[in-house]
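User: I have a structure to go through before setting up some calculations. Could you take my questions one at a time?
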Amino acid sequence: MKYSIFLKNTALFSVALIALFNLLSFKTKDKTIVVSKDGKGDFITIQQAINSIENSSSTRTKVFIKNGIYKEKITIPETKGAILLEGENPEKTIITHDDYASKKNPEGKEIGTTGSSTIFIYSNDFTAKNISFENSSGKVGQAVAVLTSGDRIAFENCRFLGNQDTLYVKGAQDLEDKTKPSRNYFKNCYIEGTTDYIFGAGTAVFENCMIYSKETASYITAASTPQGNEFGFVFINSKIIGNAKDHSVYLGRPWRPFARTVYIDCELNKTIKPEGWHNWNKTEAEKTTLYAESNSKGAGATIAQRASWSHQLTQQERKKYTADNILKGKDNWNAKKSLQ
């Protein structure tokens, strides 16, 4: 009899432990905050939601953004923990602003390219899904939609809308310590622009993306990869298209002398110039950059006419150009898992 009571009590204790474990497990899942312009969420602006997130939080906070046009200039401070911004619909959830580099601040000074961004992502472990990020200032020179300088940043099913300097993968651009990692992963994204519309010092993989050169486009990328970094910008299985004039757009030019940009298994339309690459009138950069392709196809894949200082990767060389290998770093970051 006593043994039966013992078994019963043990079973009850086990059930209680399981319930407690499940409760604790639930608490470790993403905390969710809702942003809605109609006031039916937790906040009506995205910046309010970001400000409410605890610094250095050990769990990821999900900010769900309902459809609407949010005209905001947003900063994600480096003090924040992991954040997921998730829109309701990528074409109907729009974060937009209209600053540009030559715009004057209250002191009468130009805000500059960096200051023009619609959203500044300084924190690590930032993820965004199903959102349009826009700089709506028009053809007024440099005008950034998104700036990233944190590490382990991922975007899925997002749109980046603008003209010149749309996406600034800044990384360690202005830091003395150029070894600070800034890894970025773009999956199934749409990026548009005219001049240098993907630029900066960060490492970025664009997988299954659509890169769209608008009517007056000239250069897609302007990498400033720090010396010693193995990877800069890598486009994998992406479509390089647009409505620019035929043979008017370069795949890239070097903002800094060690720029690295590679296209793997990409489809290039007829907007791409036969020579493919430009040296930015820096002949010395032809010896220090790495501008390369592997298995480019389409009307813009005029490999025989490419700039003599560019490269076609061998089968052995291209093996290392996978998203997992490029982005894993010393901490074995799994970029695709961060999108789950």
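User: Let us start with A145. Which residues does A145 touch, not counting residues up to four places away in sequence?

Analyst: A145 touches S117, T118, I119, F133, E134, N135, L161, D165 and T166, once residues up to four places away in sequence are set aside. Please note that this is a predicted model.

User: Where is A145 found, and is A145 buried or exposed?

Analyst: A145 is in the loop between β9 (132-135) and β10 (146-148). Its relative accessible area is 0%, so A145 is buried. The C-alpha atom of A145 is separated by 6.0 Å from that of L167, which is 22 residues away along the chain.

User: F133 was in that list. What is F133 in contact with, leaving aside neighbours within four places in sequence?

Analyst: F133 is in contact with I95, I119, A128, A145, V146, F155, C158, R159, F160 and L161. F133 is also among the residues with the most contacts inside the largest nonpolar core.

User: How many residues does the largest nonpolar core have, and which others have the most contacts inside it?

Analyst: The largest nonpolar core has 55 residues. Besides F133, the residues with the most contacts inside it are L85, F155, F160, I198, F206 and I220. Helix α2 (residues 46-52) gives the most to this core, with three residues. Another core, of 18 residues, lies apart from it and has A154, F231, L313 and W333 among its members.

User: Turning to annotations, which residue does the UniProt "active site" annotation cover?

Analyst: The annotation, from an unreviewed UniProt entry, covers D196. D196 has its place in strand β16 (residues 195-200).

User: Is D196 buried or exposed, and what does D196 touch?

Analyst: D196 counts as buried because its relative accessibility is 7%, and the cut-off for buried is under 20%. Not counting residues up to four places away in sequence, D196 touches D165, Y219, I220, T221, A222, R253 and W280. Two of these have come up already: D165 is also touched by A145, and I220 is one of the residues with the most contacts inside the largest nonpolar core.

User: What does the domain annotation cover?

Analyst: The unreviewed UniProt entry carries the annotation "domain: Pectinesterase catalytic" for residues 33-329. That span is 8% helix and 35% strand, and its end C-alpha atoms lie 31 Å apart.

User: And the protein as a whole: how many helices and strands?

Analyst: The secondary structure comes to seven helices and 26 strands. The C-alpha trace spans about 90 × 55 × 40 Å along its principal axes. Of the 340 residues, 51% are buried. Among contacts between residues at least 6 apart in sequence, 73% join residues at least 24 apart.

User: What about surface and charge?

Analyst: The accessible surface is about 16100 Å², and carbon and sulfur atoms account for 51% of that area. There are 45 positive and 36 negative side chains, with the centres of the two sets 5 Å apart.

User: I also want to check the backbone. What is the phi of S56, and what is that of N130?

Analyst: S56 has a positive phi of about 55 degrees, although S56 is not a glycine. N130 likewise has a positive phi of about 55 degrees and is not a glycine. For context, most residues other than glycine have a negative phi.

User: Where do S56 and N130 lie?

Analyst: S56 lies in the loop between α2 and β2 (61-65), and its relative accessible area of 61% makes S56 exposed. N130 lies in the loop between β8 (126-129) and β9. With a relative accessible area of 17%, N130 is buried.

User: One last topic, the helices. Where is K336 placed, and what is K336 in contact with?

Analyst: K336 is in helix α7 (residues 335-338) and counts as partly exposed, at 35% relative accessibility. Leaving aside neighbours within four places in sequence, K336 is in contact with Y185, E207, A323 and D324.

User: And T288, in which helix is T288 found?

Analyst: T288 is found in helix α4 (residues 285-288). T288 is partly exposed, with a relative accessible area of 27%. Its contacts, leaving aside neighbours within four places in sequence, are P257 and F258. The C-alpha atoms of T288 and A259 are separated by 7.7 Å, with the two residues 29 apart along the chain.

Conventions
Residues are numbered from 1 along each chain as its sequence is written. This is a predicted model: local features need pLDDT of at least 70, side-chain atom pairs count only at pLDDT 80 or more; totals for chains, interfaces and linings use all residues. Side-chain values use heavy atoms; hydrogens and water are left out. UniProt positions are given in the numbering used here, feature names are shortened, and annotations may be inferred rather than shown by experiment. Helices (H or I, at least four residues) and strands (E, at least two) are DSSP runs, numbered from the N terminus. A nonpolar core is a set of buried Ala, Val, Leu, Ile, Met, Phe, Trp, Tyr and Cys residues joined through side-chain atoms within 4.5 Å. Buried means under 20% relative accessible area, exposed over 50%, partly exposed in between (1.4 Å probe, protein chains only). Contact means heavy atoms within 4.5 Å. Accessible areas come from the Shrake-Rupley method with a 1.4 Å probe; for residues, only the protein chains shown count as cover. Lys and Arg count as positive and Asp and Glu as negative; His and the chain ends are not counted. The place of a charge is taken as NZ of Lys, CZ of Arg, CG of Asp or CD of Glu.
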